[in-house]
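Me: I would like to learn how to read a structure like this one, feature by feature. Could you walk me through it?

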Amino acid sequence: MDFSTPKHIQLQLDLTDEFVKQQLIPIEQRIIHSDFFKVEAELKALREKVKSMKLWAPHIPASIGGSGESLMQLALLSEVLGQSPLGHYAFGCQAPDAGNIELLHHFGSDQQKQQWMKPLIDGDIRSCFGMTEPDTAGSNPTLLETSAALDGEEWVINGRKWFTSSADGAQFCIVMAVTDLDAAKHQRASMIIVPTDTKGFELVRNLPVMGETGSGYFSHAEVVFKDCRVPKENLIGEQGAGFALAQTRLGPGRIHHCMRWLGICRRALNEMITYAKQRSVSSSFCLSDMQTIQHWIADSAAEIEAARTLVLQTAWQIENVGFKSAKAQVSMIKYFTAGILHKVLDRALQSMGGIGMTDDKIIAYFYRHERAARIYDGPDEVHKGVVARELLR
Ligand SMILES: Cc1cc2nc3c(=O)[nH]c(=O)nc-3n(C[C@H](O)[C@H](O)[C@H](O)COP(=O)(O)OP(=O)(O)OC[C@H]3O[C@@H](n4cnc5c(N)ncnc54)[C@H](O)[C@@H]3O)c2cc1C
C-alpha cells in the first residue's frame, strides 16, 4: 500500500501550512481576544488572500465555488488549518457553516441554495445550527421539544436552544424542531431555516465558556424562538427528515473535527518542545533534559500518529466503501482523538508551568475551548456505547 501524499496535494498542504504559520499564528492571540466585529474586516482581508491563492472553501465542490477536495485531502488540510484557531475560518471551511453548506447542497431547494448557500460559500454571511436545548438531554436529541407547527403558509416555531455556536452575527439558523409529535422518534423532527432577523427569534446571551464569553464567530449563544414565523418553504428536505439529514453530515464532519484536533495536538506538542528546550531549570539542565518531559513528548507524538492513522483510515473507508461500513469507526475516532487532544493539551500546559495557564500562550485558549471536544459532536460516552454495542453484537 502506498502511504505517500501525491505531489500536487503536498504542494497545497505546504502552501496552506506556510499561510497558517506566516499570516495567522502571528495575529491569532490579538484576534481571538478582540471583539469579533472589530476585527472582522481584517479577517475578511485574509480571506481574500486565501481566495486569490485558490485555496478557498476546500470542502465545497468546484462546481459551486470551492476547490472541491476529496475527503482524504480535506482531512489533511484540516490538520494543517487546526494549528491556529483562525485556520478554518480564514479558509472558509469553518463549522458550523461547513456542515450547513453541505446540508443545503444535498437537500436544499434551488431557492434556498440561491438565497442562503451561495452567500455562505462566498463567505459573505455566516450561519448557525440550533439543535441542543437547555431543558432536554443533547446526548439524545430525539427528546428535543422545540416545536414547529404549520399555520397556513408558515411554520410557527417555539422553544429554547443553547450552545448555538456562532449565532452572534449569523444571518440564519438551521433549527431542528419537532414537526410531528406522534411520529416514530426518528421522524418527529425537521430542519427549518430561520433568518435571525425574524420577529420572535431572540439571541438571549452568549454563554460564558470557562470564563470566556467571546463574540461573533467565536461564541456560543442561548436562543429563544417565540411564535417565530417563517415561510413553509424554509423547510429543508422532507418534513420529518431532520435526523436522516443530520446523519448525512456526520461522517465528513467528524473527520473534519478529528483532524482539526490533531492539528491542535501538533501545535501543542511543538509549543511544549520549544518551551522545554529554552527553559533552564538548573545551571546545567533545561526542561528538555528531564526524562518526564521527554516521556510526555514521546507519548504525545506516538498518540498523535496513532489517532491520525485511525482517522485517515476512516476517511478512506467512508470515501471508498461508504459511510454505513464505517459507522462504528466514525464513533471510535471521536472519543479516541478527543481523549488524546485532552491529554496532549494537558501535558503541554503542565510542561509550561504558570505561563501555560495564561493567555500569553495559545495553550490556555485551546485548553479552555477544546475541553468541550469530549462533549460536543456527541459526548464520548455515547460513542463508546455505539462501538461497544457493535462489538458485543
Ligand atoms: C463548545 C460547544 C459547542 C457546541 N455547539 C453546538 C451547536 O453549534 N449546535 C448545537 O445544537 N449544539 C451544540 N453543542 C451542544 C452539544 O452538542 C451538547 O452539549 C452535547 O450533545 C451534550 O448534550 P448536553 O449538553 O445536553 O449533555 P447531556 O445530554 O445532559 O449529557 C451529560 C453527560 O451525560 C453523559 N451521558 C449522556 N448520555 C450518555 C450515555 N448514553 N451513556 C453514558 N453517559 C452518557 C455524558 O458524560 C454527557 O457529557 C455545543 C456544545 C459545546 C460545549
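Reply: Happy to! Keep in mind that this is a predicted model. Let's start with contacts: leaving aside neighbours within four places in sequence, Glu202 is in contact with Val223, Val224 and Lys226.

Me: Is Glu202 buried, exposed or partly exposed?

Reply: The general idea is to count C-beta atoms within 10 Å: 20 or more means buried, 12 or fewer means exposed, and anything in between is partly exposed. Glu202 has 15 such neighbours, so it counts as partly exposed. Compare Pro26 in helix H1 (residues 7-32): it has 10 C-beta neighbours inside 10 Å and therefore counts as exposed.

Me: Next, helix packing. At what angle do the axes of H1 and H3 cross?

Reply: Angles under 35 degrees count as roughly parallel. The axes of H1 and helix H3 (residues 71-81) come within 9 Å and cross at roughly 20°, so the two helices are roughly parallel to each other. The crossing is right-handed. On the H1 side, the contact is made by Ile9, Leu13, Thr16, Asp17 and Val20, and on the H3 side by Gln73, Leu76, Leu77, Val80 and Leu81. By type, these residues divide into seven nonpolar, two polar and one charged.

Me: And why are H10 and H12 described as oblique to each other?

Reply: Angles over 145 degrees would count as roughly antiparallel, and 65 to 115 as roughly perpendicular; the rest, apart from the roughly parallel ones, are oblique. The axes of H10 (residues 327-351) and H12 (residues 380-392) come within 8 Å and cross at roughly 135°, so this pair is oblique. Their crossing is left-handed. H10 brings Ala328, Ser331, Met332, Lys334, Tyr335, Ala338 and Gly339 to the contact, while H12 brings Asp380, His383, Lys384, Val386, Val387 and Glu390. Here the division is six nonpolar, three polar and four charged.

Me: Which residues are closest to the ligand?

Reply: The closest are Met131, Gly138, Ser139, Ser165 and Glu381, in a shell of 21 residues. Strand S1 (127-130), strand S3 (154-165) and H12 each give two or more residues to that shell. By type, the shell divides into eleven nonpolar, nine polar and one charged.

Me: What should I look for in the backbone itself?

Reply: Most residues other than glycine have a negative phi, and most peptide bonds are trans. Against that background, Phe163 has a positive phi of about 60° although it is not a glycine. Phe163 lies in strand S3 and counts as buried because it has 21 C-beta neighbours inside 10 Å. Asp377 also has a positive phi, near 60°. It sits in the loop between helix H11 (362-370) and H12 and, with 19 C-beta neighbours inside 10 Å, counts as partly exposed.

Me: Which peptide bond is cis?

Reply: The one from Ala95 to Pro96, with omega near 0°. Pro96 is in the loop between helix H4 (87-90) and helix H5 (97-107).

Key. Residues numbered from 1 in each chain as written. Predicted model: local features only at pLDDT ≥ 70, side-chain atom pairs only at ≥ 80, totals over all residues. Contact = placed C-beta atoms within 7 Å. Axes fitted to C-alpha atoms, helices over the stretch in contact; angles between N-to-C directions. Helix = DSSP H or I, 4+ residues; strand = E, 2+ residues; numbered from the N terminus. Left-handed = near helix turned anticlockwise from the far one by under 90°. Nonpolar A, V, L, I, M, F, W, Y, C, P; charged D, E, K, R; others polar. Near = placed C-beta within 6 Å.
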